[in-house]
Amino acid sequence: MSYTKEEIRAIHDLPLTTLIYRAQQAHQEHQDPAGVQLCTLKSIKTGACPEDCAYCPQSAHHGSDLKPEPLLDTDTILKDARAAKEGGASRFCMGAAWRRVPRGKQFDSLLETVSEVSALGLEVCCTLGTIEEDQATALKDAGCSVYNHNIDTSREYYGKIITTRTFDERLDNLRTVREVGLQVCSGGIIGMGETKEDRIAFLHELSNMAPYPDSVPINALIPCKGTPLEEQKFVDPIEFVRVIATARILMPKSMVRLSAGRAEMSEELQAMCFVAGANSIFLGDKLLTTENPDRDADFRLLEKLGLHAWEPAGVEV
Ligand code: SAM
Ligand code: DTB
Ligand code: SF4
């Protein structure tokens with residue numbers, strides 16, 4: 001089912017009680033209502049990124065004090081993948097601060113890493129920037145199941161946040177990874193100074209993809225030192241919950257990921273996000289370069305809420 005911007009605005013603006021009720025209806029019908037997918041992130045190539053994304057501490061354009069690191073070797077990454085698995089994660093997401101996926105030695109090493117991580121029995125997700133079709137196919141053949149590539153915000157606001165690439169390049173790349181048969185993970189960041197209309201346009205863009213993404217990460221901006229958005233106030237919690245609930249209603253079969261920003265959120269706010277339809281989190285004390293809640297605290301929270309680790313069986317949207 002596709003929605004117009006007007007319809008999405010009407011959903012987004014419902015009384016919160018009705019919005020949550022509608023989101024729960026979708027959630028109970030299409031998801032395991034007590035299940036939360038646990039993923040672990042690993043930055044496999046950090047910093048010195050040629051893109052100028054205003055939110056990102058890894059951009060070479062900003063004065064963040066992050067230490068750049070070249071691509072990590074397979075053994076180093078495998079240690080973390082094993083630890084992630086022992087720690088209870090079912091999906092391992094590897095992120096690289098590249099504009100485009102390189103060819104040659106680095107790519108070969110990456111393929112080796114993907115195949116070994118997948119041999120551990122972890123579902124593999126990669127987020128590596130722009131990728132060509134043959135590379136995406138090679139990644140899939142090596143055992144990667146999902147590609148993350150966020151649209152991040154509305155088309156209208158995109159140029160205020162990133163100038164080194166266009167919104168359409170992002171959409172083209174998403175089509176490429178979909179065409180080779182990788183699952184698509186695409187979402188964005190709330191709290192970058194965008195308006196409500198931007199959020200509606202962002203949700204409209206995602207939900208009108210045919211098919212819509214298999215998973216939709218919703219990040220709360222982590223204002224990072226040295227980036228142009230460092231002074232941004234943390235997003236209003238209720239506005240954030242509205243975006244999660246609207247995403248759940250528009251894309252009932254997707255995993256909705258409560259992604260960056262949980263370290264700044266109370267247990268009550270996270271609980272409200274689960275009630276609004278979020279059903280996946282990143283587990284482990286680090287996202288790519290920033291802090292994430294402690295693993296034990298996360299398990300305590302899930303237990304209090306009566307939620308359990310869950311892996312969807314081949315989500316088809
Ligand atoms: N370089 C690749 C790319 O841009 O697709 C992959 C890594 S990039 C860090 C993945 C996503 O992390 C971005 O699209 C953005 O949504 C999110 N992200 C980066 N910095 C963030 C921040 N400070 N707060 C919240 N989300 C952030
Ligand atoms: C996504 O949407 N959020 C994750 C994952 N996809 C790759 C990344 C969040 C990164 C937050 C900033 C950092 O730790 O560097
Ligand atoms: Fe580079 Fe990705 Fe960060 Fe943009 S979000 S600066 S592309 S690492």
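1. In this predicted model, R295 forms a salt bridge with D296, the closest N and O atoms being 3.2 Å apart; the term means a side-chain nitrogen of Lys or Arg within 4 Å of a carboxyl oxygen of Asp or Glu. R295 is partly exposed at 34% relative accessibility, and D296 is likewise partly exposed at 42%, where buried stands for under 20% relative accessible area, exposed for over 50% and partly exposed for what lies in between (1.4 Å probe, protein chains only). Salt bridges that share partners also join E51, R99, R165 and E169 into one network.

2. On conventions, residues are numbered from 1 along each chain as its sequence is written, and chains are lettered from A and ligands numbered from 1 in the order in which they are written. Local features need pLDDT of at least 70 and side-chain atom pairs count only at pLDDT 80 or more, while totals for chains, interfaces and linings use all residues, and side-chain values use heavy atoms, with hydrogens and water left out.

3. A search of the whole structure finds 17 salt bridges. One of them links D134 with R103, with 2.9 Å between the closest N and O atoms. Because D134 lies in helix 5 (residues 133-142) and R103 in the loop between strand 2 and helix 4 (105-119), the pair ties together parts that are 31 residues apart in sequence; helices (H or I, at least four residues) and strands (E, at least two) are DSSP runs, numbered from the N terminus. D134 is partly exposed at 45% relative accessibility, whereas R103 counts as exposed at 52%.

4. Is the salt bridge between R199 and E194 made by buried or exposed residues? The two side chains meet at 2.8 Å, N to O, and R199 is buried at 8% relative accessibility, as is E194, with a relative accessible area of 8%.

5. Strand 3 (residues 123-127) is mostly covered, five of its five residues being buried. E123, C125 and T127 point one way from the strand, and V124 and C126 point the other way. In a regular strand the side chains alternate between the two faces of the sheet. Strand 2 (residues 91-96) runs parallel to strand 3 and is joined to it by five bridges, where pairing requires that DSSP finds at least two bridges between the strands; R91 has E123 as its bridge partner in strand 3.

6. Some backbone geometry deserves a look, since most residues other than glycine have a negative phi, and most peptide bonds are trans. A48, in the loop between strand 1 (35-45) and helix 3, has a positive phi of about 55° although it is not a glycine, and A48 is partly exposed at 45% relative accessibility. D152 has a positive phi of about 70° and is found in the loop between strand 4 (144-148) and helix 6 (155-161), where D152 is buried, with a relative accessible area of 3%. A cis peptide bond, with omega about -5°, joins A210 and P211, and P211 is placed in the loop between helix 8 (196-207) and strand 7 (215-220).

7. Finally, D73, D75, E112 and E116 form a negative surface patch, a term for residues with over 30% relative accessible area and no salt bridge, in which like charges are joined within 9 Å. D75 is in helix 3 (residues 74-86) and is exposed, with a relative accessible area of 54%.

Notes. Patches are made of residues with over 30% relative accessible area and no salt bridge: like charges are joined within 9 Å, nonpolar side chains (Val, Leu, Ile, Met, Phe, Trp, Tyr) within 5 Å. Accessible areas come from the Shrake-Rupley method with a 1.4 Å probe; for residues, only the protein chains shown count as cover. Lys and Arg count as positive and Asp and Glu as negative; His and the chain ends are not counted. The place of a charge is taken as NZ of Lys, CZ of Arg, CG of Asp or CD of Glu.
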